[in-house]
Amino acid sequence: MHSDAGAPGGGACRVAFLEQGWLAVDPFSVKARPLLLGAPCSLCQRPVCVADACSVFYAKRFCLHCARANAAAFPPAVHKAAPAIFGAAAAAGGGGGGGLPGGGAAGGQRPSAAAPSGS
């Protein structure tokens with residue numbers, strides 16, 4: 001199996017990804033279809049997998065740490081859709097609010113650009 005870093009819309013297939021990431025051929029597909037394995041966090045640039053417990057995609061990819069540190073910048077619908085990232089309280093309707101990460105909403109909050117401390 002061959003894996004490769006791919007840019008949005010790049011490659012020979014007709015699938016356009018909305019983010020840059022690491023692709024592989026899906027071994028369970030009858031046809032050779034791309035499978036997005038991971039991508040860099042849009043804030044700290046750490047590579048993260050796309051599993052629900054590792055990162056969240058909302059306009060851009062955010063790692064667990066950056067998403068939690070900037071939870072108020074994500075709308076309640078994202079909190080509800082990603083309980084592994086934001087916790088069970090968010091799934092029950094106790095999520096944040098604010099603007100789109102990446103500046104999609106006028107007057108909205110933006111996640112801080114500071115890289116997380118630690119590893």
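The tour goes from aromatic rings to nonpolar cores and then to backbone angles.

This is a predicted model, in which local features need pLDDT of at least 70 and side-chain atom pairs count only at pLDDT 80 or more, while totals for chains, interfaces and linings use all residues. Residues are numbered from 1 along each chain as its sequence is written, and side-chain values use heavy atoms, with hydrogens and water left out.

Select Phe-74 and Phe-86 to begin: their ring centres are 5.3 Å apart and their planes meet at 55°, so the pair is tilted (rings of Phe, Tyr and Trp, the last by its six-membered ring, pair if their centres lie within 6.5 Å, with planes under 30 degrees apart counted as stacked, over 60 as edge-to-face and the rest as tilted). Both Phe-74 and Phe-86 are buried (under 20% relative accessible area, with a 1.4 Å probe and protein chains only).

Next, select Val-56, Phe-62, Ala-67, Phe-74, Val-78, Ala-82, Ile-85 and Phe-86, the 8 residues of the largest nonpolar core (a set of buried Ala, Val, Leu, Ile, Met, Phe, Trp, Tyr and Cys residues joined through side-chain atoms within 4.5 Å). Apart from that core lies another, of 5 residues, including Cys-41, Val-48, Cys-63 and Cys-66.

Finally, turn to the backbone at Gln-45, where phi is near 70°, a positive value in a residue other than glycine. Ala-59 likewise has a positive phi, of about 70°, although it is not a glycine.

Conventions:
Buried means under 20% relative accessible area, exposed over 50%, partly exposed in between (1.4 Å probe, protein chains only).
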